Amino acid sequence: MIILIGTDDALLEGLAQLLAGAGHRVSVASSLDEAEEIGDERAPLMLVVDRRALALDGDRRLSHLPLAAGGAIVLYRAAGDDESSSALSHGVARLTLADLTLPLERQRLAALAQYVRTRARESGRGRVDTPPESHAS
């Protein structure tokens, strides 16, 4: 599962459709608190976080959000958003796989989501769905 975190509903809807079309389960949250609630049910493989939400909720909270083993955090800012282009703190930079400008880099986001899913599966950290006919009797 991927959780998209931000307040730009149109952008998030477009990203959710793009990722769902590539076979990912997607949830949308408007804040880090809401993402934490969603993640408590099932830890996401990827968090895609608006840098504005990060600035509002505090970047220390990012390290406390639930994340599945082998998961990743991707930060983004909207195209033309100069407010969120400040340098990342060292701790946040260490946690972050990528820092994107969306929607301009939406195909890169889709490729990163696929990469993280494949990496988790190949390392044995991803959920493996065994077809019912393959179960032992």
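Which pattern of β and α does the chain follow when read along the sequence? Read in that way, the chain of this predicted model follows β-α-β-α-β-α-β-α-β-α.

**View 1. The whole chain and the confidence of the prediction.** The secondary structure comes to 5 helices and 5 strands, where helices (H or I, at least four residues) and strands (E, at least two) are DSSP runs numbered from the N terminus. Residues are numbered from 1 along each chain as its sequence is written, and side-chain values use heavy atoms, with hydrogens and water left out. This is a predicted model, in which local features need pLDDT of at least 70 and side-chain atom pairs count only at pLDDT 80 or more, while totals for chains, interfaces and linings use all residues. The mean pLDDT (the predictor's confidence in each residue, from 0 to 100) is 84 for the chain, and 84% of its residues reach 70 or more. Over residues 128-132 pLDDT stays under 50, and the model has 1 contact there beyond four places in sequence, contact meaning heavy atoms within 4.5 Å. Where pLDDT is low, the predicted coordinates should not be read in detail. Of the 137 residues of the chain, 39% count as buried; here buried means under 20% relative accessible area, exposed over 50%, and partly exposed in between (1.4 Å probe, protein chains only).

View 2. A nonpolar core is a set of buried Ala, Val, Leu, Ile, Met, Phe, Trp, Tyr and Cys residues joined through side-chain atoms within 4.5 Å. The largest one has 21 residues, of which Leu-4, Met-46, Leu-100 and Leu-109 touch the most other members. At least two residues of this core come from each of strand 1 (2-5), helix 1 (9-21), strand 3 (46-50), strand 4, strand 5 (96-102) and helix 5 (106-122). A second, separate core of 16 residues includes Ile-3, Ile-5, Leu-32 and Ile-38.

**View 3. Val-74 in strand 4.** Val-74 is found in strand 4, which runs over residues 72-78, and it counts as buried because its relative accessibility is 0%. If residues up to four places away in sequence are not counted, Val-74 touches Met-46, Leu-47, Val-48, Val-49, Leu-97, Ala-98, Leu-100, Leu-109 and Leu-112. Val-74 and Leu-112 are 38 residues apart in sequence, while their C-alpha atoms are 8.8 Å apart in space.

**View 4. The two sides of helix 1.** The buried residues of helix 1 are Leu-11, Leu-12, Leu-15, Ala-16 and Leu-19. Seen down the axis, they fall within an arc of 130 degrees, so they line one face of helix 1; the arc is that of the directions from the helix axis to the C-beta atoms. An α-helix has 3.6 residues a turn, so residues three or four places apart point the same way. The face of helix 1 turned away from the buried side carries the exposed residues Asp-9, Ala-10, Gln-17 and Gly-21. Cover for the buried residues of helix 1 includes strand 1, strand 2 (26-29), strand 4, strand 5 and helix 5. Just after helix 1, Gly-23 takes a positive phi of about 95 degrees.

**View 5. Helix 5 and what its buried side packs against.** Leu-109, Ala-110, Leu-112, Ala-113, Val-116 and Ala-120 are the buried residues of helix 5, and they line one face of the helix because they fall within an arc of 160 degrees when seen down its axis. These buried residues pack against strand 1, helix 1, strand 3, strand 4 and strand 5, whereas the face turned away from them carries the exposed residues Gln-107 and Glu-122. Just after helix 5, Gly-124 takes a positive phi of about 85 degrees.

**View 6. The loop between strand 5 and helix 5.** Pro-103 is found in this loop, and a cis peptide bond, with omega of about 10 degrees, joins Leu-102 and Pro-103. Glu-105 also has its place in the loop between strand 5 and helix 5, and Glu-105 counts as partly exposed because its relative accessibility is 25%. Leaving aside neighbours within four places in sequence, Glu-105 is in contact with Asp-99 and Leu-100. The C-alpha atoms of Glu-105 and Ala-79, which are 26 residues apart along the chain, are separated by 9.4 Å.
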